[in-house]
Amino acid sequence: MIQPSEHFEEIKAPFLRHWPGWVDPATANSWFSELERESPWKQESITLFGKSHLLPRLTCWMADPGCGYRYSGLENIVEPWSPTAQLIRNQINQYTGWYFNSLLLNHYRNGKDAMGFHADDEPELDHQAPIASLSLGASRTLRFKPKRGVQGESMSVELGNGDLLLMDPPTQQEWLHGLPRRLRVTEPRLNLTFRVVSR
C-alpha cells in the first residue's frame with residue numbers, strides 16, 4: 001500500500017495544493033514504466049489557420065463509460081482504464097475525497113514536447129471539482145498566468161517525479177496554465193490529469 005506524503009504547499013492564487021514527492025521515486029518509476037506500456041498512445045493533429053499541426057506530445061483519454069471529452073476541436077476516444085491507471089485513480093480518489101471519472105494522460109517524450117497556455121474549462125467538465133495532476137518522470141515547469149481581467153501575477157511550479165498537484169476551483173475559470181519547452185531535458189515525462197466529467 002502506497003503511503004503518500006501528507007506535506008503539501010498551498011498557493012492561494014491560482015488556488016493550488018502541491019504535494020512534492022506524493023509517492024516515492026521507486027513507485028513513481030514503476031508506474032511510469034507500466035503506464036507507458038499499457039496506454040494506447042496517439043499523436044493528434046489540430047488545424048490552425050488552415051494548416052494541420054501534430055501536437056507536440058502523445059495523449060490518451062481513459063474514462064468511465066459515457067465520459068466523452070472534447071478540447072481544441074478533438075473528440076477523444078474513450079479508452080478503458082488500464083490496471084495501473086485504475087490503481088492510481090483509486091488512491092487519488094481516496095486521498096482527495098473526490099471521485100474522478102476520467103483521465104487525460106500526456107506523454108512528453110523530451111523537453112521539445114510542450115503544452116501551450118490554456119484552461120481546462122470545457123463545458124463537459126464539472127467546474128465545481130478540482131483537477132488532480134500527477135507527474136511521473138522528468139521534472140518540468142508548469143506556468144500559470146491570470147486570464148484577462150483577473151488580478152494576479154504569473155507564477156511557476158516545478159513538478160518532479162511523483163509530485164501531486166491539485167488545481168482547485170476557480171483555477172480553470174480565472175487562470176491559464178502551460179508547460180513550456182525545456183530543450184536541455186532529454187528524459188520523458190508522463191502527466192496524469194484526473195477530472196470529473198458531468199454526465
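**Group meeting: a sheet, a cavity and some loop details**

Let me start with the lining of the largest cavity. By class, 7 of its residues are nonpolar, 4 are polar and 3 are charged. In this count, Ala, Val, Leu, Ile, Met, Phe, Trp, Tyr, Cys and Pro are nonpolar, Asp, Glu, Lys and Arg are charged, and the others, Gly among them, are polar.

A word on the source. This is a predicted model, where local features need pLDDT of at least 70 and side-chain atom pairs count only at pLDDT 80 or more, while totals for chains, interfaces and linings use all residues. Residues are numbered from 1 along each chain as its sequence is written, and side-chain values use heavy atoms, with hydrogens and water left out.

Back to the cavity. A cavity here is a set of points, on a 1 Å grid over the protein atoms alone, where a 1.4 Å probe fits but cannot get out; lining residues have an atom within 4 Å of a point. The structure holds 1 cavity of 30 Å³ or more. The largest cavity has a volume of about 80 Å³. That volume is the space filled by probe spheres set on the points, with grid points joined across faces, edges and corners. Helices (H or I, at least four residues) and strands (E, at least two) are DSSP runs, numbered from the N terminus.

Now the sheet. 4 strands form an open sheet, in the order β9-β14-β11-β12, and the pairing is antiparallel. Strands β9 and β12 (155-159) stand at the edges, each with a single partner strand, so one side of each is left without a neighbour in the sheet. The twist averages 15° from one strand to the next. The angles use axes that are lines fitted to C-alpha atoms, for helices over the stretch in contact, and run from 0 to 180 degrees between N-to-C directions.

Look at strand β14, residues 175-179. Why is β14 largely enclosed by the rest of the structure? Because 4 of its 5 residues are buried. Buried means under 20% relative accessible area, exposed means over 50%, and partly exposed is in between (1.4 Å probe, protein chains only).

Who pairs with β14? Two strands pair if DSSP finds at least two bridges between them. Strand β9, residues 115-118, is joined to β14 by 2 bridges, and the two run antiparallel. There, H118 stands opposite H177 in β14. Strand β11, residues 140-146, pairs with β14 over 4 bridges, also in the antiparallel sense. In that case R143 has G178 of β14 as its bridge partner.

Next, R148. R148 sits in the loop between β11 and β12. Its relative accessibility is 87%, so R148 counts as exposed.

N191 belongs to strand β15, residues 189-195. Is N191 buried or exposed? At 8% relative accessibility, N191 counts as buried.

Last, the loops. The peptide bond from A13 to P14 is cis, with omega near 15°. P14 lies in the loop between β1 (9-11) and β2 (16-19). F15 is in the loop between β1 and β2. F15 has a positive phi of about 50°, although it is not a glycine. A cis peptide bond also joins P169 and P170, with omega about 5°.

Note on methods
On a 1 Å grid over the protein atoms alone, a cavity is a set of points where a 1.4 Å probe fits but cannot get out, and a pocket is an open set with protein on both sides within 12 Å along at least five of seven lines; lining residues have an atom within 4 Å of a point.
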